[in-house]
Amino acid sequence: MTAPASRTYDAPAWLVWTALWTVYVVWGSTYLAIRVMVETLPPLLATGLRFVVAGLVLLLVLTVRRGRAAISVTRRELTGAAVVGCALLLGGNGLVVLAERDIPSSVAALVVAAVPMWVILLRSATGDKVGAPTLASVAVGFVGVALLVLPAGDRPEGMRPLGLAMVVVASLSWACGSFVATRMSMPKDALVSTGYQMLLGGGALFAAGLVTGEAGHVDVESFSTASLGALLYLVVMGSLVGFTAYAWLLQNAPISKVSTYAYVNPVIAIVLGWWILSERLTPVMFVGAALIVASTAFVVRRESRRPAVETAEPVPALAGADSG
């Protein structure tokens with residue numbers, strides 16, 4: 001999606017900031033909600049259900065409000081939405097959900113915050129000219145990621161290497177989806193694109209849950225009220241409210257302001273994980289977090305000043321925008 005180099009925005013400041021803080025808090029809280037959801041629900045099936053339901057509801061609402069023609073897409077656009085949706089949701093969100101069974105939600109949020117840095121590396125590898133300051137900032141950010149995922153003396157107990165590896169791969173998958181989204185034929189309307197990506201990516205997640213045998217281990221009686229509430233929160237707030245607010249912001253606020261979610265969300269996730277789930281924060285985590293957030297902030301703000309900035313949304317941040 002391309003943002004104009006210069007544009008006048010007429011939306012009231014209070015409405016812009018309300019939508020922005022909605023994205024900050026809602027997307028920052030999805031990591032905590034995922035951690036609660038996977039305590040008793042099958043991770044891939046529940047996540048697939050989340051996105052299929054959200055995608056169907058979004059497309060239904062758009063059809064009711066605008067007519068069936070509003071959600072009409074070409075075969076190429078549907079293929080693009082499927083490819084990006086699978087990269088973002090199956091490879092990205094799916095691995096985050098699996099990883100959060102073994103690592104704190106705050107660590108998952110911080111590693112996923114490296115998505116903009118991965119995108120920079122992908123751009124550079126495909127011939128796009130990237131400035132030295134940006135590459136230097138990316139290097140600093142990956143030092144922060146290394147501090148989180150490599151063995152360290154004061155790292156919280158119970159952080160399994162497999163979970164850390166999965167969230168790193170999830171971050172890369174999300175970046176790949178964001179990267180190819182700007183190079184494939186996609187539905188023009190942000191909400192329509194989001195709806196199809198959630199529907200198709202969610203379907204792939206649900207299928208993955210069936211293939212991996214999650215259905216055979218479903219015990220409905222073991223589902224906790226907290227986990228079911230977390231799933232409902234992810235459907236309504238994380239997917240529908242968060243993406244709607246984000247899509248509205250893309251049309252009514254400068255991309256330099258909208259893109260701040262990329263480095264505010266992990267901070268929100270850290271605070272909520274510590275406050276609600278009593279997740280332990282260590283000095284190494286603080287240093288890693290500072291390096292990642294600072295690097296992401298520099299990269300995002302510098303890139304958002306480029307003419308005709310492209311933002312990968314499904315999510316972005318699906319962008320993600322909401323990687324959680």
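**Close-up views of a predicted model**

**View 1. Asp128 and Arg123 pair up in a salt bridge, 2.7 Å from N to O.** A salt bridge here is a side-chain nitrogen of Lys or Arg within 4 Å of a carboxyl oxygen of Asp or Glu. Arg123 is buried at 8% relative accessibility, while Asp128 is partly exposed at 25% (buried is under 20% relative accessible area, exposed over 50%, partly exposed in between, using a 1.4 Å probe and protein chains only). This is a predicted model, where local features need pLDDT of at least 70, side-chain atom pairs count only at pLDDT 80 or more, and totals for chains, interfaces and linings use all residues. Residues are numbered from 1 along each chain as its sequence is written, and side-chain values use heavy atoms, leaving out hydrogens and water.

**View 2. Glu77 meets Lys188 in another salt bridge, at 2.9 Å from N to O.** The two sit 111 residues apart, with Glu77 in helix α3 and Lys188 in the loop between α7 and α8 (helices are DSSP runs of H or I, at least four residues, numbered from the N terminus). Glu77 is buried at 9% relative accessible area, but Lys188 is exposed at 72%.

**View 3. Asp102 and Arg160 form a salt bridge too, their closest N and O atoms 3.5 Å apart.** Asp102 lies in the loop between α3 and α4, and Arg160 in the loop between α6 and α7, 58 residues away. Asp102 counts as buried, at 13% relative accessibility; Arg160, at 53%, counts as exposed. Across the whole structure, a search turns up 4 salt bridges.
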